[in-house]
Amino acid sequence: MLQKFQKYILKNFPFLNEKKLLLATSGGIDSMVMVDLFKKLNFNIAIAHCNFQLRGLESFDDQNFVQDFADTNKIESFITHFDTEAFSKDFKLSTQVAARELRYNWFYELIETKNYDYILTAHHADDNLETFLINIVRGTGLDGLTGIPTQNDKIIRPLLLFSRQEIESYAKTNNIEWREDSSNASDKYLRNKIRHNLVPVLKELNPDFISSFQKTQNYLQESQTMAEDASIMVYQQVAKEIEEEVHFDLNQLIKLPNYKSYLYHWLNEFGFSAWNDIYNLVESQSGKTVYSDEFRLLKNRNFLILSPINTVDKNEEYFIDKNQKDVKIPINLSFCKLDDISIELNTTIFVDEEKLYFPLVLRHWKEGDIFQPFGMGGKSKKVSKIFKDEKLSLIEKENTWLLCSNNQIVWIVGIRQDERFKIENTTKNILKIQLE
């Protein structure tokens, strides 16, 4: 196994030479074999051990075992312990997810503070198979069938080529000591149920099942790569990125025979789960929205608009004093006095300064806001109707500001000026307000 391991590292991870490697070491057979292999190949290694305090004294026995091993072999070690159950309750996570969050956050902290280059974990081929089966049981797409990646950023898994049987054989042949985790014998967790009850049956049906599975997974990975390449090409035709938003052209999207698959591929990373609702957006009326925790997908006429959820306080207000020449927050506005006016775009208005009451206020639109659009002879109109006439999307409405004087709207910024503040023949002081 040592020679096979060395060839595998040279072929797939040649950059590990001369690097500082942090080996995640639980004290179990997998991690102790990994440490032994890297130690015999003279890599620059250190050991990192997490005590999750989930198994009473047994957890501390594991910690002491790893610490003694590191001291005896003169390997630098880092040991920490977590109150995993408290963390799990505080953040409403399962125990396993909580442990994973705590573990990897600490690993990355060590990389930053101790100047290590990579984190190495001892996941092996059987772990990969179990993860594959877990994902099938829970339901998954192609991503869930392609297995545990050999490398993910700074995390490398150098034992994925090897089966549990190979690791156990190597440990016994080389007299490697390890700690047995008593929780591995329990069927409390889904992974253990699959390991104890399903995998043995598969191996009985095909003694070389792990090897066959690895070949199948390689084919799946190749298919995934092909799908990703196609997805990128189609995305460039269908999607347009505008600042923090992505606009998907429905006229182009519905021409695709498998547009639902593309939507899933593009949106999955944004935390969406209500896929039927998303697919129904394509044919729903304008204004319908589907949310994830941090993003939303809005149907706006012939587009689906992906954007971060707006976290702006609808009640926030910004005050503008008299003689103030500019505003930088929340938007860029400039103010200057003129003797005459010129024709400008919607980004500029001219008002009678003497009709204004200071300080002016910049705020968001509220339900029931009334406005007298310039040029309509003083007739009132709801701001919501102006938005509808302008065909603004929900996102555009939320990002629109109102400039107000004494609770009266002077300007729907960038859209329409109010009649009440217009320039007249008797106007003495003309104030130009411009959206930069």
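In this predicted model, helix α1 (residues 2–12) and helix α2 (residues 29–40) have axes that come within 11 Å and cross at roughly 75°. Because angles of 65 to 115 degrees count as roughly perpendicular, α1 and α2 are described as roughly perpendicular to each other.

**Where α1 meets α2**

- On the side of α1 the contact is made by Leu-2, Phe-5 and Ile-9, while α2 contributes Leu-37, Phe-38 and Lys-40.
- Sorted by class, the residues in the contact of α1 with α2 are five nonpolar, no polar and one charged.

**Nonpolar cores**

- In soluble globular proteins, nonpolar side chains tend to be buried together.
- The largest nonpolar core has 32 residues, and those that touch the most other members are Leu-16, Leu-21, Phe-38 and Leu-120.
- Two or more residues of this core come from each of α1, β1 (20–24), α2, β2 (44–51), α3 (57–72), β4 (118–120) and α7 (164–173), and α2 gives the most, with seven residues.
- Leu-16, when its neighbours within four places in sequence are left aside, is in contact with Ile-9, Leu-21, Phe-38, Phe-43, Tyr-118, Leu-120 and Ile-156.
- Another core, of 25 residues, lies apart from the largest one, and among its members are Tyr-259, Leu-263, Phe-272 and Leu-306.

- Thr-121 is placed in the loop between β4 and α6 (125–138), and it counts as buried because its relative accessibility is 5%, where the cut-off for buried is under 20%.
- Leaving aside neighbours within four places in sequence, Thr-121 is in contact with Ala-24, Met-34, Tyr-104, Ile-155, Ile-156, Arg-157 and Pro-158.
- Thr-121 and Leu-159 are 38 residues apart in sequence, and in space their C-alpha atoms are 8.1 Å apart.
- The side chain of Thr-121 also makes a polar contact, at 2.8 Å, with the side chain of His-123.

**Where α6 meets α8**

- Helix α6 packs against helix α8 (residues 190–205) at an angle of about 105°, with the two axes 10 Å apart, and α6 and α8 are therefore roughly perpendicular to each other.
- Among the α6 residues in this contact are Leu-129, Leu-133, Ile-134 and Val-137, and among those of α8 are Leu-190, Ile-194, Leu-198 and Leu-202.
- Charged residues take part as well, including Asp-126 and Glu-130 in α6 and Arg-191 and Lys-203 in α8, and the whole contact divides into nine nonpolar, one polar and seven charged residues.

- Asp-418 lies in the loop between β21 (416–417) and β22 (430–435), and at 0% relative accessibility it counts as buried.
- A polar atom of the Asp-418 side chain lies 3.0 Å from the backbone nitrogen of Gln-372, and a polar atom of that side chain lies 2.7 Å from the backbone nitrogen of Arg-420.
- Not counting residues up to four places away in sequence, Asp-418 touches Phe-371, Gln-372, Phe-374, Ile-409 and Val-410.
- Glu-419 lies in the loop between β21 and β22, and it counts as buried at 11% relative accessibility.
- The side chain of Glu-419 makes a polar contact with the side chain of Lys-422 at 2.6 Å, and, not counting residues up to four places away in sequence, Glu-419 touches Gln-372, Pro-373, Phe-374, Gly-375, Met-376, Gly-377 and Gly-378.

How values were computed
Residues numbered from 1 in each chain as written. Predicted model: local features only at pLDDT ≥ 70, side-chain atom pairs only at ≥ 80, totals over all residues. Heavy atoms only, no water. Helix = DSSP H or I, 4+ residues; strand = E, 2+ residues; numbered from the N terminus. Buried < 20%, exposed > 50% of the residue type's maximum accessible area, 1.4 Å probe, protein only. Polar contact = N/O pair within 3.5 Å; in protein donor to acceptor, adjacent residues only side chain to side chain. Contact = heavy atoms within 4.5 Å. Axes fitted to C-alpha atoms, helices over the stretch in contact; angles between N-to-C directions. Parallel < 35°, antiparallel > 145°, perpendicular 65-115°, else oblique. Core = buried A, V, L, I, M, F, W, Y, C linked by side-chain atoms within 4.5 Å.
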